Amino acid sequence: MPNHLFDALFAPLQGRDAALLRLEGGRSVSGDAFFRMIARQANALAALGVTKGQRVAVQVPKTPEALALYAASVALGAVFLPLNTAYTAAEVDYFLGDARPRVFVCDAARAVELAGVAARHGADLLTMDAAGGGTLADLAEGAAGRVNPADCGPDDLAALLYTSGTTGRSKGAMLSHRNLLSNAEVLVKAWRFTAEDVLLHALPIFHTHGLFVASNVALLSGASMIWLPGFDAGRVMAHLPQATVLMGVPTFYTRLLDEPALTREAVAHMRLFVSGSAPLLAETQLDWEARTGHRILERYGMTETNMNTSNPYDGERRAGTVGLPLDGVEVRIVLDGCEAAAGEVGMIEVRGPNVFQGYWQMPEKTAEELRADGWFITGDLGQRDPDGYVRIVGRAKDLVITGGYNVYPKEVELLLDAAAGVLESAVIGIPHKDFGEAVFAVIVPQKGMVLEADKVLAEIAPALARFKQPKAAVIVDALPRNTMGKVQKNLLRETYKGWFG
Ligand code: AMP
């Protein structure tokens, strides 16, 4: 049995002299050098006793060595488990206790803090610092630069990615070799990736977006990457002239729009801008097009499913939609047990080779969300345009039920966002003694604008049934967002829960 994922993404790098990763400061890592880095790490991990199926937990800064660690795990048939670098020791303790990894590679700067956590859960502790050095690099240095990838079937696990878990316990999504490879293959075609491409990579690699969507697609197509340790608008601007594709969360685009140097000339070398992980405001889409001449391509996916839908490369990239199902991916919108008609809001369900294998050691949770016939209940509410384009209405758990009526926050947010002087908004439900929940709006003004909450609410009122109209609103400078640009509605609900007494 071969290891198709390794063979497709990493094996072709052997002997390739061309740069794979271009780093800041002019340094680059050739395909061949990266391949040897992978092989050495794989051999070092194997010497420590890491074998097929064991978890390799990783919480390290973004470097070429950190990406190689993902590849080394795949080579061994091990299960790569990347963790958000922001997680505290207490959070890491939960993940290691749940996943029981064989090794835990942590940031060298936090080794003392995390040693006890690793020991408690029986994981060998290794370190990797922001320059790629540390105890793993030391072990790898003396190891062989060749590797025989472990045999792996399509259903063997390649990665365990924990969901961000804004409510309840974070769940480990089990992703197989087939899940990752099939999605990368589909995306390379859909977005026309070739070996000529240079992907500007500024996303974190502990999340599906930066790790799988961006890196796998570039690797599979033989493209190279400009490998930035994180997002910084100035640094991204500086590298745009050498790049052909940027993948980002919506915040990347709003921050770049604040850069006066963002012009058509600055992006003359670019062929594609992709956005996902959170909704792209229609206003951002329009501003971006006016400034650059490019229409951002928005797509939709999640940790459990990889990518599901995408706006087309050719054809209409429709603002406010996430486009059409990707090749081989089935998407349906379910309302009261039946498929919803165009325009009706229902639960988005997805089926295909991209859909995960279930939640790690949570058979009940898996059974609740993954149907026996393969359909995954995403938890996202959506609707379809008559010609099939999908619109995301929001997470089902964000639905507001007020006086027995359902209010979809997105409907109210779209009206608020279009009101005079409003940049963006978040609509939530907060406790109310008469209505159970009341609709509440959190509004961010455009730069330099001073807004009065009541005036904004009065402006949108004529367009909304009474029960959908926010009962109150506040004006704030910014919405709380996580690293992937998602608005943290749970924090807003917590902040304003006592508003109505
Ligand atoms: P994650 O598992 O962290 O990638 O989060 C997945 C969730 O992000 C999805 O279930 C959606 O709620 C949201 N999401 C991803 N892409 C989009 C998009 N283009 N528009 C709106 N929401 C999105």
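Reply: Let's start with the word cavity: on a 1 Å grid over the protein atoms alone, a cavity is a set of points where a 1.4 Å probe fits but cannot get out. You're looking at a predicted model, where local features need pLDDT of at least 70 and side-chain atom pairs pLDDT 80 or more, while totals for chains, interfaces and linings use all residues. Residues are numbered from 1 along each chain as its sequence is written, and side-chain values use heavy atoms, with hydrogens and water left out.

Ala, Val, Leu, Ile, Met, Phe, Trp, Tyr, Cys and Pro count as nonpolar, Asp, Glu, Lys and Arg as charged, and the others, Gly among them, as polar.

Now stay with helix α8, which also holds A214. A214 has a relative accessible area of 1%, so A214 is buried (under 20%; over 50% is exposed, and partly exposed lies in between, with a 1.4 Å probe and protein chains only). Leaving out residues up to four places away in sequence, A214 touches L199, H201, L203, H209 and M247, a contact being heavy atoms within 4.5 Å. T321 sits 107 residues from A214 along the chain, and the C-alpha atoms of these two are separated by 21 Å.

One of those A214 contacts, L203, leads us to an open space. L203 is among the residues nearest the centre of the second largest pocket, together with A202, P204, F206 and T483. A pocket is an open set of points with protein on both sides within 12 Å along at least five of seven lines. This one contains about 410 Å³ of space and is lined by 27 residues. Strand β4 (79–82) and helix α10 (250–257) each give two or more residues to the lining, and α10 supplies the largest share, three residues. By class, the pocket lining has 17 nonpolar, seven polar and three charged residues.

As for the rest of the fold, two loop residues other than glycine have a positive phi. S277, with phi near 85°, is in the loop between β12 (272–275) and α11 (282–292). Is S277 buried or exposed? Its relative accessibility is 15%, so S277 counts as buried. Q361 has phi near 50° and belongs to the loop between β18 (346–351) and α12 (363–369). At 58% relative accessibility, Q361 counts as exposed.

Strand β18 also takes part in an open, antiparallel sheet of five strands, ordered β17-β16-β18-β19-β20; two strands pair if DSSP finds at least two bridges between them. Its edge strands are β17 (338–339) and β20 (390–395), each pairing on one side only. Strand β19 (residues 376–384) pairs with β20 over five bridges in the antiparallel sense, and L381 has G394 in β20 as its bridge partner.

How values were computed:
Helix = DSSP H or I, 4+ residues; strand = E, 2+ residues; numbered from the N terminus. 1 Å grid on protein atoms, 1.4 Å probe; cavity = no way out; pocket = protein on both sides within 12 Å on 5 of 7 lines; lining within 4 Å. Points joined across faces, edges and corners; volume = space filled by probe spheres on them.
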